[in-house]
2 protein chains.
Amino acid sequence: MRLLLVAGTTRTAEIPGLSAAGASPEATAATPSADAEIVEYGDLVRGEMVPVSPAGCPTPAVMTRAVRELLGFELTVLDAGLAEPTGAPTVSLPVEPGADIREPDPVPNAEDAFAAGREFAHDLPDEELLVGETIPGGTTTALGVLTALGETEAVSSSLPENPLAHKREVVAEGLAASDLEPGGAVGDPLLAVRSVGDPVLAGVAGVATGAIETGVDLTLAGGTQMLAAAALVRHAGIEAPFRVATTSFVAADETAAVRETATSLDVNLAVTDPGFEHGDHVAFERYLAGVAKEGVGMGGALWLAERKGIDMSQVRDRIVSVYDRVVGDGP
Amino acid sequence: MRLLLVAGTTRTAEIPGLSAAGASPEATAATPSADAEIVEYGDLVRGEMVPVSPAGCPTPAVMTRAVRELLGFELTVLDAGLAEPTGAPTVSLPVEPGADIREPDPVPNAEDAFAAGREFAHDLPDEELLVGETIPGGTTTALGVLTALGETEAVSSSLPENPLAHKREVVAEGLAASDLEPGGAVGDPLLAVRSVGDPVLAGVAGVATGAIETGVDLTLAGGTQMLAAAALVRHAGIEAPFRVATTSFVAADETAAVRETATSLDVNLAVTDPGFEHGDHVAFERYLAGVAKEGVGMGGALWLAERKGIDMSQVRDRIVSVYDRVVGDGP
């Protein structure tokens, strides 16, 4: 079992009010680089900004790392437009950080990233793959892709109050900047991701396509961003079954409509509840309050833990120890 | 426990007759990229050339991977001047492929690679590190460094008949091209590695220095290239103890003088014998005939297996299964 973590950035995240990732624009841009280090090493390495909100809510990288420490699955980080150096080893996809989707052509190398991700997945020796993402602002670009493809126009949020109306305005501006109507990219996933998506979605769709073509057991580990990736795969004409595994926090977000979207895309949806109400830690409290919810493969890691018979109390204990280790290194 | 595998190239390897790595110049340049994939994934990914000699002698990456499959240690590949893309995730050091040491200034960024490796090792969370290398032609550049530092002028070889006289001629030309006498870089390791070394030695010396400064338990996993790295560390003024772990094949090579060099550098030498005479496979036969001998962390991996109580018959069985898997993918 290997987790492919596709990590990158989009300047769409700089639009105020869209994302909970990072306390400042600099911290937001550095979050995916730090996430990769946390899942790889269990601690920050080159990174200096601890991706924990001022109120103590940690990046979901902490949860994924906790499960990795219990199960020992393999990890490969794909650099799909990181803006800051990471100390985690990476395989680079040929794509730059994404521009703000309100500009025309924000991901000009989407096709290259897709093709390289697809070829990479063809060559991997694994029989099972989890694919996760880390990209601040990613639910807005996911909404862009879903809208351009004519799918359910709903996504989740890392904020307790989903700024969905704001995201829809941004997406509408993005579609206009790229001369697209809602549904204007039906059957043309590369046009959708290039025009109103981000480089991580291009990479995820590429590796997912390659994995399915190779007969790998594929799990897209995440919430509505992974449903957008699933939509890209379906609009590429691929009908084979695969799974999206997300957290109970995303599933409980009615604005995100994940069950409806999964059904309409004909993908299996696995929802795992880490039982944070049984824990006593600020990290659990913040997730129970609806902050962060998912990301960095968290939903897939929890699903894997459950499948392998790991008790969620063990996962919670390990989350606390990873949290203390990572935050202990902070400024 | 983590293996840092420092992977790169030097055009010194293109001088005919120096190295057993690769059947052609193209294959030689691609060998470190393939080695990284084999240790990372247990198979080739992007690589197309199987690093197995026409007579069936496999790269020592196969041996290191075999131990990794038995013990599950972590791996981080550092790109210190790879010439071909690798499918293994890498952390890049700021250095290019090395030029032929018969040219002046073959490693102009040696200091940058050293500094970046040192800083990277400072930041790693591990308490124990193995450091390995993969760079064809590396024993010749190791001889260059040892000679420039005024240390024992002897190295091992991936060929059964060590072309030591030829290597000494190349090193003499290299020293002349850089206006250095033998011993002319005593106490100035960066001058030695920049003038007659290679980018991998610069990176290994950097991470070794950083690890020692951080109090990490350090094992340089390899033969005479790692003794050259040890010499660089000692000439940087570092007196703390550390270990070089190599194979019985290197230790049995009288031309390599590893015990004398280790003693003179005051490093602990661990020699591990994988008992290949008890196996029945072309890979074992070729190593017993003195081909390859060491590399890609092999000596350190065997040492680790022995320390962890893994029976060498298990290691040999796993070597055969990795060999069959990797060669089965070949052209």
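Here is a chat about a predicted model with chains A and B.

Trainee: What about contacts in chain A between residues 24 or more positions apart?

Mentor: Those account for 78% of the contacts in chain A with a separation of 6 or more.

Trainee: Let's pick one residue. Where is A:Ala148?

Mentor: A:Ala148 lies in helix H4 of chain A, which covers residues 138-148.

Trainee: Buried or exposed, that A:Ala148?

Mentor: Buried, because its relative accessibility is 0% and the cut-off for buried is under 20%.

Trainee: Which residues does A:Ala148 touch, leaving out those up to four places away in sequence?

Mentor: The contacts are A:Leu175, A:Leu180, A:Gly183, A:Gly184, A:Ala185, A:Val186, A:Ala192 and A:Val196.

Trainee: How far is A:Ala148 from A:Val315 in space?

Mentor: The C-alpha to C-alpha distance is 38 Å, and the two are 167 residues apart in sequence.

Trainee: Okay, new topic: the interface. How many residues take part from chain B and chain A?

Mentor: Chain B gives 21 residues and chain A gives 21 residues. Together the two chains bury about 1600 Å², with 51% of that on carbon and sulfur atoms.

Trainee: How many salt bridges are there between chain B and chain A?

Mentor: The count is 2. One of them pairs B:Arg68 with A:Glu74, where the closest N and O atoms are 4.0 Å apart.

Trainee: How many residue pairs are in polar contact across the interface?

Mentor: The rule finds 1 residue pair, with both residues at pLDDT 80 or more.

Trainee: Which elements of chain B each supply at least two residues of the side that touches chain A?

Mentor: They are helix H1 (25-41), strand S2 (74-79), strand S3 (90-92) and helix H3 (110-123). By class, that side of chain B has 10 nonpolar, 4 polar and 7 charged residues.

Trainee: Why do you say the copies meet through the same surface?

Mentor: Because 100% of the interface residues of chain B are also interface residues in chain A.

Definitions and conventions:
Residues are numbered from 1 along each chain as its sequence is written. Chains are lettered from A and ligands numbered from 1 in the order in which they are written. This is a predicted model: local features need pLDDT of at least 70, side-chain atom pairs count only at pLDDT 80 or more; totals for chains, interfaces and linings use all residues. Side-chain values use heavy atoms; hydrogens and water are left out. Contact means heavy atoms within 4.5 Å. Buried area is the accessible area (1.4 Å probe) that two parts lose on being put together, summed over both. A salt bridge is a side-chain nitrogen of Lys or Arg within 4 Å of a carboxyl oxygen of Asp or Glu. A polar contact is a pair of N or O atoms within 3.5 Å; within protein, one must be able to donate a hydrogen and the other to accept it, and residues adjacent in sequence count only if both atoms are side-chain atoms. Helices (H or I, at least four residues) and strands (E, at least two) are DSSP runs, numbered from the N terminus. Ala, Val, Leu, Ile, Met, Phe, Trp, Tyr, Cys and Pro count as nonpolar, Asp, Glu, Lys and Arg as charged, and the others, Gly among them, as polar. Buried means under 20% relative accessible area, exposed over 50%, partly exposed in between (1.4 Å probe, protein chains only).
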